[in-house]
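I want to look up a few contacts and jot down what I find.

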Amino acid sequence: MHLNAIAAIAAKDLVDAIKNFRLLAIILLPIGFSLLYGFIFKDTPSGAALVVYDPGGSQFVQSLGAGGGWSLWVVGSEAEVAPTVTEKKALAGIVLPPDFDARLAAGERPPLKLLSNGEQANRTGARRLVIDLAWSQSKQPLPIDLVESTINPPPSAQTSPETAPASAVQSLSVQTYLLTMWSIMSIAMVGMYMVPALLVEEKERKTLDAVLVAPVSYLDLIAGKALVGMVYALLSAGLVFALNAGTQVVSVGALIGVSVLSALFATLIGLWLGGMINNTQSLNTWSSFPLLAFLLPAILGAVPNNPFTSILQFYPPMHTLEGISRALSGESLDRIWVNLLVLLISCGVAGGLVWLSLRRREA
């Protein structure tokens with residue numbers, strides 16, 4: 001590999017994409033949609049809210065409020081907790097004794113009542129937050145006497161107490177799910193339309209042949225083009241989350257890992273498509289098929305009891321949706337390695353397809 005050649009190819013395409021208003025619109029479109037839908041659904045309950053009765057003004061409650069993306073509704077009596085949880089559609093209600101901080105500092109195990117809202121699929125996130133904060137404030141294994149109960153149990157829980165936990169996708173709030181969909185759309189549109197458009201335009205202008213005549217290998221060309229696609233895909237997806245304040249991210253590392261591999265996979269598929277097609281008109285026709293295929297899991301993900309979920313487990317875009325959802329909701333986060341592994345293998349396969357599509361130009 002020639003690093004100077006890769007850098008030159010990447011720098012040229014980075015500038016070309018900004019100069020081309022049609023390609024620039026591809027980057028900005030999902031960002032605009034995310035802001036529009038964020039405004040439309042701004043009053044939709046996020047589910048990332050807790051109702052608290054704290055007669056002693058505990059430091060523990062202040063830590064809950066600083067947890068990031070969590071709204072606290074403080075009530076004046078224990079009797080108000082359950083009805084407020086139902087009214088505000090919160091994840092759970094928390095009841096603390098007046099001397100909670102003092103007993104915690106003394107090494108005792110003060111009681112903490114947690115009333116989970118059965119109507120909220122992501123209610124387990126409240127339990128995880130409470131336990132994590134308790135551990136962070138004490139060296140004891142579990143420094144609180146956690147007393148749990150459930151209000152508003154879902155219909156399935158009334159007939160089967162051992163119900164399976166909700167999937168990571170179903171655990172997302174309306175706003176967060178829409179942001180997830182727009183971030184995936186950002187990755188897909190940049191990787192599967194902008195990147196092949198840059199490659200096809202070089203074919204039409206006959207500049208691609210000139211580049212390959214220079215001391216530039218196919219690997220250099222793939223690396224340079226892929227770098228451009230990843231930069232713009234991650235920039236667009238990152239702005240979707242950054243410009244929509246209040247998005248809760250449980251694992252930033254998992255979100256970055258899934259996004260990077262997904263952007264690389266989408267970019268490589270786009271390069272493969274660009275290597276197979278020789279004119280912009282054909283690209284406009286054929287690029288919509290892989291684009292829709294990449295978005296398919298996100299479109300079907302909101303459907304409850306979706307029968308296609310198990311079928312799509314070997315489909316890379318499904319692991320993009322699952323991985324981002326797990327990073328945001330924390331559900332089944334220990335399984336994030338499966339999503340990362342499938343995406344990594346898919347990138348290897350897609351890279352081979354790109355190399356073959358460019359080599360066929362020699363035939």
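Entry 1, salt bridges. I searched the whole structure, a predicted model, and got seven salt bridges. For the count, a salt bridge is a side-chain nitrogen of Lys or Arg within 4 Å of a carboxyl oxygen of Asp or Glu. Ground rules for my notes: residues are numbered from 1 along each chain as its sequence is written, and side-chain values use heavy atoms, with hydrogens and water left out. Local features need pLDDT of at least 70 and side-chain atom pairs count only at pLDDT 80 or more, while totals for chains, interfaces and linings use all residues.

Buried or exposed, I wondered about Asp13? Asp13 counts as buried because its relative accessibility is 1%. Lys12 has 35%, so it counts as partly exposed. My cut-offs are under 20% relative accessible area for buried, over 50% for exposed, and partly exposed in between (1.4 Å probe, protein chains only).

Arg103 is partly exposed at 24% relative accessibility, and Asp99 is partly exposed at 35%.

Entry 4, Glu322 and Arg326. I get 3.9 Å between the closest N and O atoms of this salt bridge. Both residues sit in helix 15 (residues 316-329), four residues apart, about one turn of the helix. Helices here are DSSP runs (H or I, at least four residues), strands are too (E, at least two), and both are numbered from the N terminus. Glu322 and Arg326 are both buried. I also noted a network: salt bridges with shared partners join Lys12, Asp13 and Lys225.

Where does Asn152 lie? I found Asn152 in the loop between strand 5 (145-151) and helix 7 (155-159). Asn152 is partly exposed, with a relative accessible area of 23%. Leaving out residues up to four places away in sequence, Asn152 touches Thr86, Asn117, Gly118 and Glu119; a contact means heavy atoms within 4.5 Å. Thr86 is 66 residues from Asn152 along the chain, yet their C-alpha atoms are separated by 7.7 Å.

I checked which residues of helix 10 meet helix 11, and they include Lys225, Gly229 and Phe241. On the helix 11 side, Ser259, Thr267 and Leu271 are among them. The residues of this contact divide into 12 nonpolar (Ala, Val, Leu, Ile, Met, Phe, Trp, Tyr, Cys and Pro), one charged (Asp, Glu, Lys and Arg) and three polar (the others, Gly among them).
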